[in-house]
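Please read this briefing with the sequence and the model side by side, and look up each residue as it is mentioned. The points after the display are grouped by topic.

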Amino acid sequence: LKPSPKGLLGADEKVWSKAIEDTAGLRAYHDANKNDYLWDERLQVVIYHCKDEESVILARKLAAKGKSSADILKKTNKGGSNKVSAIEGKYQRGQYDLIDNINWVEGLSQNVSNPDGSTTFVNVIGVVPPEPKELHEAKGYIVSDYQEYLEKEWVKELRAKYSIVVDQAVFESLIK
């Protein structure tokens, strides 16, 4: 991109491209405004999916004892049987029906029977209060807001540098 004939940088160079390419500026903007990008209250959970009743009983027993998901998978999937799978994560309301339908308290949820004969249960590790999203978790929103910020700063800079003059005769001719 080339500067305009008068030496001004274009909007693309000063706002849109800069917001995407200026990683240090974007990070600084995020850090200064991180409370504008919050997660809702979420659950920290491990979701277990068990293929048969025997694996459900063993997985629940181990989870109740506080065993890690890695230990539970190792003990329930001996010989590469893949009877139990586990997904760890944080989920907010409306993100996953299973999470919406359990009690939001620490401990094991009730078993949920699936149409394929398998069973799912959730080990709720804890309730996570609202917290700021990381830059990568809200990057689209942050880039958009950073562009808006850069545009406002650019307009301030232009207004300070150049005065606005209205040709009254031309203005009045437009109204007719």
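This is a predicted model: local features need pLDDT of at least 70, side-chain atom pairs count only at pLDDT 80 or more; totals for chains, interfaces and linings use all residues.

L150 touches K14, V15, K18 and A19, when residues up to four places away in sequence are not counted.

- As a general background, nonpolar side chains in soluble globular proteins tend to be buried together.

**Helix 2 and helix 6**

- The axes of helix 2 and helix 6 come within 10 Å and cross at roughly 100 degrees, and because angles of 65 to 115 degrees count as roughly perpendicular, helix 2 is described as roughly perpendicular to helix 6.
- On the side of helix 2 the contact is made by G25, L26, Y29 and H30, while helix 6 takes part through K139, I142, V143, D145, Y146 and Y149.
- Sorted by class, the residues of the contact of helix 2 with helix 6 are six nonpolar, two polar and two charged.

**Helix 3 and helix 4**

- Helix 3 (residues 53-64) and helix 4 (residues 69-76) have axes that come within 10 Å and cross at roughly 150 degrees, and because angles over 145 degrees count as roughly antiparallel, helix 3 is roughly antiparallel to helix 4.
- The crossing of helix 3 and helix 4 is right-handed.
- In helix 3, the residues S55, L58, A59, L62 and A63 meet I72, K75 and T76 of helix 4, and by class this contact has five nonpolar, two polar and one charged residues.

- Is S55, a residue with 3% relative accessibility, buried or exposed? S55 counts as buried, because its 3% relative accessibility lies under the 20% cut-off for buried residues.
- S55 is found in helix 3, and when its neighbours within four places in sequence are left aside, S55 is in contact with C50, T76, K83 and V84.
- Of these partners, T76 is one of the residues of helix 4 that meet helix 3.

Terms used. Residues are numbered from 1 along each chain as its sequence is written. Side-chain values use heavy atoms; hydrogens and water are left out. Axes are lines fitted to C-alpha atoms, for helices over the stretch in contact, and angles run from 0 to 180 degrees between N-to-C directions. Helices (H or I, at least four residues) and strands (E, at least two) are DSSP runs, numbered from the N terminus. Angles under 35 degrees count as roughly parallel, over 145 as roughly antiparallel, 65 to 115 as roughly perpendicular and the rest as oblique. A crossing is left-handed if the near helix is turned anticlockwise from the far one by less than a right angle, and right-handed if clockwise. Contact means heavy atoms within 4.5 Å. Ala, Val, Leu, Ile, Met, Phe, Trp, Tyr, Cys and Pro count as nonpolar, Asp, Glu, Lys and Arg as charged, and the others, Gly among them, as polar. Buried means under 20% relative accessible area, exposed over 50%, partly exposed in between (1.4 Å probe, protein chains only).
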